[in-house]
Amino acid sequence: MLVPGNGYRVSSKFVADGDTLNLDYNGYQFAARLQWIDAPETQKNHTSVKPEILSHWKWAARSRTAAIDFINNRSLIAVVSQKDQFDRWLTDLYVDRISAANNLQIQLCKQGLAVSYLPFNRYQFNTRELVILRGIITETASAARKKVGIWSESNFLMPADFKKLTSY
């Protein structure tokens, strides 16, 4: 069983989208939701002809591919925090070693393939968490300013807004 706050050497079993993965720790498989970011939602079993929906799915595929490319054939370290409402471990994911430069969330935000999704009603963070939060905020703002990735589209439907849609 996993203990919040601990880091674990894991392997990736499946990347569902840019912010959700299935990981394995010594035979224990678990769903991991990258904390503090929100990536575009993948298409799943829906169809649409609406340009804003099709654009969102296009960026979701790019986000997923970027996540796969970043972690592929690399040593992974997952630092788990807590479980969310969907029984996924909120996780910070690193390649090779724990550092901001090796953090998947920061890299996706830097490429404009995810946005910051900050914690509410939480006011205590350890130094490692503060480094990641600062990196996520900085890289999201930088990508937006430079119009990188999703930010290159003026009418991009943000992941949080996409999730509120009832029809496609």
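Me: Is Tyr25 buried, partly exposed or exposed?

Reply: This is a predicted model. Tyr25 is partly exposed, with a relative accessible area of 25%. That value is not under 20%, so Tyr25 does not count as buried. Tyr8 does count as buried, because its relative accessible area is 9%.

Me: How many aromatic pairs does the structure hold?

Reply: It holds 4 aromatic pairs. One of them joins Tyr8 and Tyr25.

Me: What describes a pair of aromatic rings?

Reply: The distance of the centres and the angle of the planes. Take Tyr8 and Tyr25: they lie 4.6 Å centre to centre, with 65° between the planes. An angle over 60 degrees counts as edge-to-face, so this pair is edge-to-face.

Me: Where do Tyr8 and Tyr25 lie in the chain?

Reply: Tyr8 is in strand E1, residues 7-17. Tyr25 is in strand E2, residues 20-25. They are 17 residues apart, and the pair links distant parts of the chain.

Me: What kind of pair do Trp57 and Phe162 form?

Reply: Trp57 and Phe162 are edge-to-face too, with 70° between the planes and 6.5 Å centre to centre.

Me: Which parts does the pair of Trp57 and Phe162 tie together?

Reply: Trp57 lies in helix H1 (residues 51-71), while Phe162 lies in helix H4 (residues 159-164). The two parts are 105 residues apart in sequence, so read this pair as a tie between them.

Me: Are Trp57 and Phe162 buried or exposed?

Reply: Trp57 is buried, at 6% relative accessible area. Phe162 is buried as well, at 3%.

Me: Now charges over rings. Which residue lies over the face of Trp59?

Reply: Arg62 does, at 4.5 Å from the ring centre. Look at Phe70 next: the charged end of Arg74 sits over its ring, 5.5 Å from the centre.

Me: Let's turn to the backbone. What is phi of Asn73?

Reply: It is near 55°, a positive value in a residue other than glycine. Asn73 lies in the loop between H1 and strand E5 (76-83).

Me: Is Asn73 buried or exposed?

Reply: Asn73 has a relative accessible area of 75%. That is over 50%, so Asn73 is exposed.

Me: What is phi of Asp87, and where does Asp87 lie?

Reply: Phi of Asp87 is near 65°, again a positive value in a residue other than glycine. Asp87 is placed in the loop between E5 and strand E6 (89-95).

Technical notes. Residues numbered from 1 in each chain as written. Predicted model: local features only at pLDDT ≥ 70, side-chain atom pairs only at ≥ 80, totals over all residues. Heavy atoms only, no water. Phe/Tyr/Trp six-rings, centres within 6.5 Å; stacked < 30°, edge-to-face > 60°. Helix = DSSP H or I, 4+ residues; strand = E, 2+ residues; numbered from the N terminus. Buried < 20%, exposed > 50% of the residue type's maximum accessible area, 1.4 Å probe, protein only. Lys NZ or Arg CZ within 6 Å of the ring centre and 35° of its normal.
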